[in-house]
Amino acid sequence: RSRAARAAQSRPHGGDGAMAEPETLKRKATVAVNATPAGGGMEEGPFVCHLPSRPDGMPPEGTEWRAWRKNVEFRGHHLVLRGRTRGVDYVGNNFASAGTPAANACSYFVARLRRVGASGQKAAAAADAEESDPEYELDVTPVGGGGIVDLQTRCHAQEYDAPAWDGAEDMNDPSVRAKYNDRLLRAFSSAKRQRKVARIQAERRVDASSLAAPDAMRANLVAATAGELDARALAELAGARRNIPAHDPNATNPHDAYPLSRFPLYALADRTKWRDFLSAAKKPSKLESLRANGDADSFVLDLVPRLLNDAAMASDTSSQKEAAKALAFLDALLAFRSHKGVVVERRPKKRDGDEGDGEKNDEMSDAFAPLSWTHETKVDTITQRAYIDTFMEQSALDVSDPAGAPGEPRRFVRPKAMSDLVTLHCVLMTARVSGWTVDVSALAKRLKMSVKDMTPLCRELGFTMGRAPGKKADGGGAATATLKLDGEKRLRDFLPEIKKRPQAAKKRE
């Protein structure tokens, strides 16, 4: 304990400018430890300082010391210590850039050892004769500022007095805070730091002196932003331009919300197989004939019996026809979606002319064949071209070079947005036949998609996701989507709300 006391006492500090020599303790010496609690202020001290610029580590005599504390609540334990002499100042703080010290002032302490119980000649005689056991007291005091202050030598050109502060100013005002930060920068920062901050502020500043034609730029900015919409107006505009089939957001029943007559290819319904599907719903033999033929999709044929099983369509002939047309459109949409999404013009081979030798002619015809993406027995040729014009677009290479090389074939591609729109049409066509409740699990399997990927597409149409009743072993538990328009709520109440895109948090350096 005595060695620790001497080590603590040997630290230089700026309290009184002098130190007492440590005493040699006897083996039987008694030491009493007195701890002086901290008062919470910086005036009590003592401040433990490190002054490497002085050979003896002590400031010269007559040094005037002064300390400042930050007037911010969560930085109140930060202090700046200054010792002023005739030539230079010794300046230090307890919040070095390496880390912020703890607010607890007992992180460091100063210990002073003194002898008690004897005085004057009696104490000296007793010490020389070793006739009695001496007694000592070790006074322990917390260090002011909670750490050792490294003092730097600076010239008098710097002004370290506390800047003027008006307590009535509002520190929540950015302009007031910026002004106060500038005063602190001028008062306590080095000249190098001030030049760096001034250079950064000059690079950020944009005013009339930094622009070639500020009035013209301002006029251009005002004109460019005159018609801009706010976040609410942009959300409403985006809602009106949703990438979903034609719909009426104010409709209160499913048939008015998504009318089949607004399907882009509704005018070509007579070129589809809707009459065959309606006849197959009444005659099982016709249905088996369609299955054996193989031109119709098996998923569509499984839905044919619902044309008569549904109570709403059984007694309404017009509803049966509309549902049959929806099935025919679904059959063509499934075939179109199964296509790879790229259609290129092709030239057929020339037929043998007058030569009757029976040899094959490998020469290509000069004229292009009609655009096609499936066999004409499944979808009519004119209907195939209509699907290309509706859901595909010409390749960007052909559009950028409209002249191109003479006789080069055109190339049509289906973008991602149009592929999603075709999928949404498939969902709606299935819903029209299934009483506006879609078996998402079965449809996803046919489209070779997962239920997880189908769920957001169904919700874009305003459908509500659910599960089929019953156990999974009995065919229940499948994912379903239902359009719950009961005549009171409108379609816009079920459509997902378009919100402002959340911004990613700034990455920490």
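Helices in this talk are DSSP runs of H or I with at least four residues, strands are DSSP runs of E with at least two, and both are numbered from the N terminus. By that rule, isoleucine 382 has its place in helix H14, residues 381–391. At 46% relative accessibility, isoleucine 382 counts as partly exposed; the terms are buried for under 20% relative accessible area, exposed for over 50%, and partly exposed in between, with a 1.4 Å probe and protein chains only. Isoleucine 382 and serine 372 are ten residues apart in sequence, and their C-alpha atoms lie 9.1 Å apart in space.

Colleagues, a word on the source. The model is predicted, and local features need pLDDT of at least 70, side-chain atom pairs count only at pLDDT 80 or more, and totals for chains, interfaces and linings use all residues. Residues are numbered from 1 along each chain as its sequence is written, and side-chain values use heavy atoms, with hydrogens and water left out.

I turn to the chain as a whole. The secondary structure of the protein chain comes to 18 helices and 15 strands. Of its 509 residues, 31% are buried. Contact means heavy atoms within 4.5 Å; among contacts between residues at least 6 apart in sequence, 64% join residues at least 24 apart. The protein chain exposes about 32700 Å², of which carbon and sulfur atoms supply 49%. Accessible areas come from the Shrake-Rupley method with a 1.4 Å probe, and for residues only the protein chains shown count as cover.

Next, two residues from the earlier part of the chain. Threonine 63 is found in the loop between strand S2 (49–50) and strand S3 (64–69), and is buried with a relative accessible area of 14%. Its side chain reaches the backbone oxygen of proline 60 at 2.6 Å. Not counting residues up to four places away in sequence, threonine 63 touches Gly83, Arg84 and Thr85. What joins the side chains of aspartate 89 and arginine 84? They are joined by a polar contact of 2.9 Å, that is, a pair of N or O atoms within 3.5 Å, where within protein one must be able to donate a hydrogen and the other to accept it, and residues adjacent in sequence count only if both atoms are side-chain atoms. Aspartate 89 belongs to strand S5, residues 88–93, and is buried at a relative accessible area of 0%.

Now the aromatic residues. Rings of Phe, Tyr and Trp (its six-membered ring) pair if their centres lie within 6.5 Å; planes under 30 degrees apart count as stacked, over 60 as edge-to-face and the rest as tilted. A search of the whole structure finds seven aromatic pairs. In one of them, the ring centres of phenylalanine 263 and phenylalanine 329 are 4.8 Å apart and the planes stand at 50 degrees, so the pair is tilted. Phenylalanine 263 lies in the loop between helix H7 (254–257) and helix H8 (274–282), and phenylalanine 329 lies in helix H13 (residues 317–338), so the pair ties together parts that are 66 residues apart in sequence. Both phenylalanine 263 and phenylalanine 329 are buried.

One aromatic cluster is formed by Phe336, Trp373, Tyr387 and Phe391. The charged end of arginine 414 sits over the ring of phenylalanine 336, 4.9 Å from its centre; the criterion is NZ of Lys or CZ of Arg within 6 Å of the ring centre and within 35 degrees of the ring normal. Lysine 325 likewise has its charged end over the ring of tryptophan 274, 5.3 Å from the centre.

I come to a sheet. Strands of a sheet pair through backbone hydrogen bonds, either parallel or antiparallel. Here an open sheet of three strands has the order S10-S12-S11, with antiparallel pairing; two strands pair if DSSP finds at least two bridges between them. Strand S10 (342–344) and strand S11 (393–394) stand at the edges with a single partner strand each, so one side of each is left without a neighbour in the sheet. Three bridges join S10 to strand S12, residues 411–413, and valine 342 stands opposite valine 413 in S12.

Finally, helix H18, residues 451–460. Its buried residues are Met454, Thr455, Leu457 and Cys458. They pack against helix H16 (416–433), helix H17 (440–446), strand S14 (464–467) and strand S15 (479–482). Lysine 448, in the loop between H17 and H18, has a positive phi of about 60 degrees although it is not a glycine, and is exposed at 78% relative accessibility.
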